[in-house]
Amino acid sequence: MNKSFLTNAIAAGVFAAGYFLDQPIALYGGLFALSGSLTNLLAVHMLFEKVPGIYGSGVIQMRFEAFKLGIRSLMMDQFFTKENIDRFLNKEMSGGANLNLDPVIEKIDFNPTFDGLVDVINNSQFGGMLMMLGGAEALDPLREPFVAKMRESVIDITQQDDFRTALKSQIEQPEMLGDITANIETVIEQRLDELTPNMVKDIVQKMIREHLGWLVVWGGVFGGVIGVVSALIAG
């Protein structure tokens, strides 16, 4: 059951019992408890919703630009700092299993490399001999074995510690880290620009709405205590 509704119902019940049974302690305790819980319930509602005639209500929606700025600052200043990106790279590139470029290398077309090799041979002192053997077409049967061997060699190179160290060193250059950070910031800003006041309200509401219900409960509790103390003093 909803905590706020239950608190208000109990406070109203105690107030009604005190009124009809002529019990000042129950009367004042229930009245103050109901007053405290209803006041806090209204405050929680006004935090998210605009209430006509009440200045300052709907603060989440009115201040959504500040919330967006806060989200951006949180992401860039706390999570996606250059230090955290560097730490991520250290972790991801510390072992051979973490640096797997095989899928990328498999998509590379190594045929231009073979064509370049053929051009080098044609333009060398072996060009005349190659013409006697049928020209560049005579080397076509070597294309597939060359491409397969070239791909295998590149994969082996990327798995060597020296290569991982060199790649990591290049990525860690200040200008490279700056580009990574700038790209992340651009993506975050684009996503934040898509947010509307209602979307910001929903995000914050989902995060803290359940916990704000306890404000209503404690408003009723403290109000009830004050009411009982008031009744004792008045009596």
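Visitor: In which crossing, right-handed or left-handed, does helix 7 pass helix 9?

Guide: In this predicted model, helix 7 passes helix 9 in a right-handed crossing.

Visitor: What angle do helix 7 and helix 9 pack at, and how far apart are their axes?

Guide: Helix 7, residues 111-122, packs against helix 9 at about 120°, and the axes are 9 Å apart.

Visitor: Why is helix 7 called oblique to helix 9?

Guide: Roughly perpendicular covers 65 to 115 degrees and roughly antiparallel needs over 145. The angle is about 120°, so helix 7 is oblique to helix 9.

Visitor: Which residues meet where helix 7 and helix 9 pack?

Guide: Asn111, Thr113, Phe114, Asp115 and Leu117 of helix 7 meet Arg143, Phe146, Val147 and Met150 of helix 9. By class, the residues of this contact are five nonpolar, two polar and two charged.

Visitor: Why is arginine 151 called buried?

Guide: Buried means under 20% relative accessible area. Arginine 151 has 18%, so arginine 151 is buried. This residue lies in helix 9, residues 143-158. Beyond its neighbours within four places in sequence, arginine 151 is in contact with Ile105, Glu106, Ile108 and Phe110.

Visitor: What makes isoleucine 85 buried or exposed?

Guide: The relative accessible area of isoleucine 85 is 9%, and the cut-off for buried is under 20%; isoleucine 85 is therefore buried. Isoleucine 85 belongs to helix 5, residues 82-92.

Notes: Residues are numbered from 1 along each chain as its sequence is written. This is a predicted model: local features need pLDDT of at least 70, side-chain atom pairs count only at pLDDT 80 or more; totals for chains, interfaces and linings use all residues. Side-chain values use heavy atoms; hydrogens and water are left out. Helices (H or I, at least four residues) and strands (E, at least two) are DSSP runs, numbered from the N terminus. Buried means under 20% relative accessible area, exposed over 50%, partly exposed in between (1.4 Å probe, protein chains only). Contact means heavy atoms within 4.5 Å. Axes are lines fitted to C-alpha atoms, for helices over the stretch in contact, and angles run from 0 to 180 degrees between N-to-C directions. Angles under 35 degrees count as roughly parallel, over 145 as roughly antiparallel, 65 to 115 as roughly perpendicular and the rest as oblique. A crossing is left-handed if the near helix is turned anticlockwise from the far one by less than a right angle, and right-handed if clockwise. Ala, Val, Leu, Ile, Met, Phe, Trp, Tyr, Cys and Pro count as nonpolar, Asp, Glu, Lys and Arg as charged, and the others, Gly among them, as polar.
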